[in-house]
Amino acid sequence: LGKTVYYKETVDSTQKLAHRLVQEGCPGGTLVIAEEQTGGRGRLQRAWYSPKYTGIWMSVVLRPDLPPQWAPPFTLIAAVAVAQAIEETAGVHPEIKWPNDILIGGKKCTGILTELQADTDQIQAVIIGIGINVNETEFPDELKPIATSLLIESGRKIKRALLVQRILERLEKYEKIYIENGFAPLKLLWESYAAVIGKNITAHTLKGDISGKAIGITDEGVLQLEGEDGKIHSIYSADIEIER
Ligand code: BTN
């Protein structure tokens, strides 16, 4: 990964640019990275705070030769790659909040947005957008209660290039494992960073809220919730609230 790199001082969104490059036929492994985003966006079209020089704002294009049903675990794979790279580089233990947030001490330091371009039977590209708060020392008031950075949590100024390199190395390795052997061999690793397993949570889904205990994920990366009635619910996509 990262043999083809688009590096920008300023861009509206690395994710938008990556989508365009995919249309133009960029190779798998293309990295789009910027010092600043003026229109960074998160899931559900939320704005993503992306100030200049302090964070990592990047999108990685993968072009696995797989059918579209295989796409969802790529978010989990990316989260593991990022969590491990953060742990190694900053010396703090991050937690993954299913499916795609990385938290330290309960606050968010990383968001991952995985998007797909696909035909009915073939993935054209998986575009993994990764935003990491690295060397920020403070946040706008509205983010203060929920956001943190690696510098704030570790007390260390982090070399962003090193962190990017470590993320790409791991992502490449885990993509290969996934393509060859599926998600099952990566499940334990994912669970070792999981913030939700064993906890009572509420999943806000498009069909409504489901509350219960998160008991694990399946070999396909689907979250399993045990409801109060003892029934097991499969959660494919949701915003998770962890009950304290
Ligand atoms: C989320 O938690 O909602 C996901 C946030 C993803 C942010 C990253 S930053 C790089 C890439 N470009 C974007 O516009 N968004 C993603």
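User: How do the residues of the shell around the ligand divide into nonpolar, polar and charged?
Analyst: Six are nonpolar, 11 polar and four charged. Here Ala, Val, Leu, Ile, Met, Phe, Trp, Tyr, Cys and Pro count as nonpolar, Asp, Glu, Lys and Arg as charged, and the others, Gly among them, as polar. Bear in mind that this is a predicted model, where local features need pLDDT of at least 70, side-chain atom pairs count only at pLDDT 80 or more, and totals for chains, interfaces and linings use all residues. Numbering starts from 1 along each chain as its sequence is written.

User: OK, and which residues are closest to the ligand?
Analyst: S13, G42, G111, G129 and G131 are the closest of the 21 residues that surround the ligand. To be near, a residue needs its C-beta atom, placed from the backbone, within 6 Å of the molecule. The elements giving two or more residues to that shell are α1 (14–23), β3 (56–62), β6 (107–118) and β7 (123–132). Those are DSSP runs numbered from the N terminus, with helices (H or I) of at least four residues and strands (E) of at least two.

User: What does the UniProt "binding site" annotation cover?
Analyst: The unreviewed UniProt entry lists Q37, R41, G42, R43 and K108. Such annotations may be inferred rather than shown by experiment.

User: Where is R41, and what does R41 touch?
Analyst: R41 is in the loop between β2 (31–37) and β3. Not counting residues up to four places away in sequence, R41 touches S13, Q15, R46, A47 and W48, contact being C-beta atoms, placed from the backbone, within 7 Å.

User: Why does K108 count as partly exposed?
Analyst: Because K108 has 16 C-beta neighbours inside 10 Å. The cut-offs are 20 or more other C-beta atoms within 10 Å for buried, 12 or fewer for exposed, and partly exposed in between. K108 is in strand β6.

User: Switching topic, which residues touch the most other members of the largest nonpolar core?
Analyst: A78, V80 and V82, in a core of 63 residues. A core is a set of buried Ala, Val, Leu, Ile, Met, Phe, Trp, Tyr and Cys residues joined through C-beta atoms within 7 Å. Helix α2 (residues 73–90) supplies the largest share, 12 residues.

User: And which residues does V80 touch?
Analyst: Y174, L186, L189, W190 and Y193, leaving out residues up to four places away in sequence.

User: What are the domains?
Analyst: Domain 1 (5–192) and domain 2 (200–242), with bounds from an automatic or database domain assignment. The contact takes 11 residues from domain 1 and seven from domain 2.

Key. Contact = placed C-beta atoms within 7 Å.
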